[in-house]
Amino acid sequence: MRYGHFDDEAREYVITTPHTPYPWINYLGSEEFFSLISHQAGGYSFYRDAKMRRLTRYRYNNIPGDAGGRYFYINDGGDVWTPSWMPIKAELDHFETRHGMGYTQITGERGGLSVKTLFFVPLGETAEIQKVTLTNTSDAAKSVKLFSFAEFCLWNAQDDQTNYQRNLNIGEVEVEESGPHGTAIYHKTEYRERRNHYAVYGVNATAAGFDTDRDSFVGAYNSLGEAAVPFAGESTNSVASGWYPIASHNLEVTLEPGESKTFVFVLGYVENPEDEKWAPADEAAGIAALQVINKDRAHALLGRFATTEQTDAAFEALRVHWTTLLSGFAVTSGDEKLDRMVNVWNQYQCMVTFNMSRSASFFETGIGRGMGFRDSNQDLLGFVHLIPERARERIIDIASTQFPDGSAYHQYQPLTKRGNNDVGSGFNDDPLWLILGVAGYIKETGDFSILDEQVPFDNDESLAESLFEHLTRSFDFTVNNRGPHGLPLIGRADWNDCLNLNCFSSTPGESFQTTENQAGGVAESVFIAAMFAFIGPEYVALAERRGLSDVAAKAREAIADMHKAVLEHGWDGEWFLRAYDFYGNKIGTDETAEGKIWIEPQGFAVMAGIGIEKPADGGPSIAERALDSVGEMLGTEHGLVLQYPAYTSYKIEMGEVTTYPPGYKENGGIFCHNNPWVIIGETVLGRGARAFDYYKRITPAYREDISDVHRLEPYVYAQMIAGKEAVRHGEAKNSWLTGTAAWNFVAVSQYLLGVRPDYDGLVIDPQIGPDVPAYTVTRTARGATYEISVVNSGTPGARGVLTVDGVAVEGNHVPYAPAGATVKVSVVL
């Protein structure tokens with residue numbers, strides 16, 4: 001069952017009913033100002049940091065779930081409704097939401113009146129624009145009233161939802177009824193004391209009335225769907241004093257049959273220098289110093305969107321921006337689902353996950369998490385080709401939170417770029433991800449100079465060393481922290497945050513990730529070992545290019561030792577072990593009844609080339625046996641589960657993974673983040689058909705027809721799909737902010753379609769199976785354009801034969817061409 005459709009030409013997903021199984025959202029903004037918006041106009045806005053600079057309020061765990069956002073109410077001769085359906089939920093004659101690249105357009109029609117609202121964040125601005133167009137579709141004149149609504153958050157979103165004894169007393173606003181560009185409402189709570197920033201919500205017309213006090217607008221004991229002011233048809237002109245500050249404008253609109261009128265609303269964030277915080281005192285007007293905020297910058301912002309023409313120009317610039325970004329990698333294959341995911345939605349989600357990490361979605365409040373160290377490094381892999389200079393900046397930010405011993409803060413706050421002390425460190429996979437992120441950036445850009453950047457440890461400039469030294473500390477951290485089997489110690493956890501082998505928690509509410517009740521230097525991770533084997537060669541390559549041959553040779557020895565340790569102590573007979581616990585017992589072994597096989601080490605070990613050699617008897621290799629076991633034991637029609645069988649009881653020595661019901665999250669759920677590792681592993685083995693089959697099982701566009709089962713957005717990946725032992729097998733959870741986006745783009749672009757950047761050129765090595773008999777990839781790299789045409793026989797294990805600009809070449813490596821050049825590559829599989 002579908003609830004909409006893709007409009008591929010417009011790069012939009014069109015939702016045709018408000019009654020989707022769950023609120024389907026979009027993200028506005030890709031620089032400093034961001035908004036989350038659902039297909040029913042729910043969500044919130046913030047500047048840079050969803051915790052510390054929240055502009056508008058949103059209540060998670062609300063009933064209904066998508067209650068609260070930016071709303072427009074219509075009073076059409078006493079008929080009161082909302083074009084976004086929520087919150088009044090009056091039946092609409094027509095409903096449509098179009099989620100596009102950095103914008104959302106919601107249209108509702110009722111009783112001969114159409115209201116279309118375009119929401120977007122313009123490039124270079126710290127504001128959300130709401131362009132509202134009312135059209136009289138009836139054959140009689142109409143006089144209607146339009147009421148806007150936004151509820152302000154008191155900046156710190158955590159404090160806003162907890163410190164009521166203070167916050168219900170400090171709310172402050174200013175109202176500019178007839179400003180230079182219309183009516184504007186200013187939210188200035190705490191501006192007088194400690195802040196240099198305020199919010200403005202203005203419209204490019206003079207309003208007939210306004211409200212800034214929520215209780216006055218909504219009415220006692222009412223919900224937003226029963227708001228008193230829209231139903232009364234008159235604003236109260238309330239001025240908030242404490243309690244709950246809001247912003248609402250009342251516009252009176254007269255429309256002849258067929259006539260349209262457009263209004264532009266601006267929800268903006270403004271900062272003033274400390275010495276320019278206040279407007280000059282005006283004793284004649286009774287205005288004292290330090291009383292009225294300096295609105296010059298707000299007036300300038302509102303002035304840039306004072307007309308429809310200005311707004312349309314800004315929106316067109318946004319569309320051109322995304323057209324340019326998405327032109328860097330595009331495929332034409334004849335499979336419309338593959339094309340739309342690769343060309344549009346997967347890359348778009350990579351931008352969002354780069355900006356947000358895991359911090360702000362409809363499943364993350366924006367309060368509990370900052371930017372993840374491992375998360376952000378992985379997100380770079382799918383983002384770096386879009387805006388490399390921002391990737392460079394992010395790498396420096398991430399590396400600055402590393403400790404001198406090579407470990408790192410697990411998270412940092414985007415506003416301060418400081419490590420999160422509450423979460424701390426001790427996740428022993430973190431350091432290696434920095435090497436992979438930096439390698440991905442350099443392969444894309446050729447910017448080896450980043451390795452010479454002086455970067456602090458723990459944000460202490462006195463401890464600054466070159467970025468390459470940071471990578472050395474990352475590499476050495478794994479080498480220096482190994483257990484009895486020569487495998488890396490797991491610490492608090494590795495990539496699987498819920499595998500907590502040193503926690504031993506029996507206290508309710510105790511954090512599994514940040515608690516270490518026992519530490520014996522025994523619990524080891526086979527997964528980190530496979531990571532080391534996969535990522536370590538990148539460090540070797542960078543060391544060699546810096547002329548550090550001794551360093552490179554020593555690193556090669558460490559990698560070889562890790563290969564040996566994995567094969568000797570990490571192989572269970574038909575698959576790789578997952579770990580050794582605190583007591584030195586195996587995890588992920590056929591010897592146990594539950595949790596026999598785990599997905600993570602199987603994919604990464606094969607990606608690293610561990611066990612890929614064919615035995616002398618011609619039978620399957622260790623790598624093939626591991627991935628065959630994955631297909632047999634972890635495979636489902638909805639993707640590969642994380643481990644099987646799931647755990648049915650709490651095992652204190654394993655931690656949080658065993659607290660989830662069977663089939664959910666890390667306990668046998670389909671974790672879409674690690675499915676791509678198996679997909680890539682299958683391409684390493686030359687099994688492209690199986691790789692593409694796994695890809696389609698979890699990729700949203702291929703799941704659109706089962707949206708009633710999947711429930712979440714059919715245009716972006718979810719973190720988890722309920723596994724085969726779950727009550728609701730196939731149901732997705734935690735969409736948008738997941739490393740799935742980056743890893744699936746790497747899997748499909750670099751391994752299935754087979755176009756991946758290396759240090760000196762592109763590697764062209766497609767492995768996609770017979771389902772895609774021919775396709776063309778257009779790829780921009782270092783200023784040159786590569787047009788890569790692939791004819792695919794579908795022969796299992798076949799590798800591409802290349803012709804470059806009409807000349808047959810050996811191997812699969814195409815050197816980088818000068819900027820501005822066009823290179824034509826033909827590949828026959």
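Helix H8 crosses helix H9 with left-handed geometry. This is a predicted model. H8 covers residues 373-383 and H9 covers residues 388-399. Their axes lie 11 Å apart, at an angle of about 165°. An angle over 145 degrees counts as roughly antiparallel, and H8 and H9 are therefore roughly antiparallel to each other.

On the H8 side, the contact is made by Phe373, Ser376, Asn377, Leu380 and Phe383. H9 contributes Arg390, Ala391, Arg394, Ile395 and Ile398. Six of these contact residues are nonpolar, two are polar and two are charged.

Now the sheet. Ten strands form an open sheet with antiparallel pairing, in the order E1-E2-E9-E10-E11-E12-E19-E16-E15-E14. E1 (4-7) and E14 (173-179) are the edge strands; each has a single partner strand, so one side of each is left without a neighbour in the sheet. From one strand to the next, the twist averages 15°.

Strands E15 (residues 182-187) and E16 (residues 197-203) run antiparallel and are joined by five bridges. Ile185 has Tyr201 of E16 as its bridge partner.

| Helix | Residues | Strands | Angle |
|---|---|---|---|
| H5 | 296-303 | E12, E14, E15, E16, E19 | about 145° to E19 |
| H6 | 308-326 | E2, E10, E11, E12, E19 | about 55° with E11 |

H5 lies across its strands, while H6 packs on the sheet.

Finally, the domains. The domain assignment gives domain 1 (62-91 + 122-306), domain 2 (344-747) and domain 3 (755-828). The C-alpha centres of domain 1 and domain 3 are 54 Å apart.

How values were computed: Residues are numbered from 1 along each chain as its sequence is written. This is a predicted model: local features need pLDDT of at least 70, side-chain atom pairs count only at pLDDT 80 or more; totals for chains, interfaces and linings use all residues. Side-chain values use heavy atoms; hydrogens and water are left out. Domain bounds come from an automatic or database domain assignment. Two strands pair if DSSP finds at least two bridges between them. Helices (H or I, at least four residues) and strands (E, at least two) are DSSP runs, numbered from the N terminus. Axes are lines fitted to C-alpha atoms, for helices over the stretch in contact, and angles run from 0 to 180 degrees between N-to-C directions. Contact means heavy atoms within 4.5 Å. Angles under 35 degrees count as roughly parallel, over 145 as roughly antiparallel, 65 to 115 as roughly perpendicular and the rest as oblique. A crossing is left-handed if the near helix is turned anticlockwise from the far one by less than a right angle, and right-handed if clockwise. Ala, Val, Leu, Ile, Met, Phe, Trp, Tyr, Cys and Pro count as nonpolar, Asp, Glu, Lys and Arg as charged, and the others, Gly among them, as polar.
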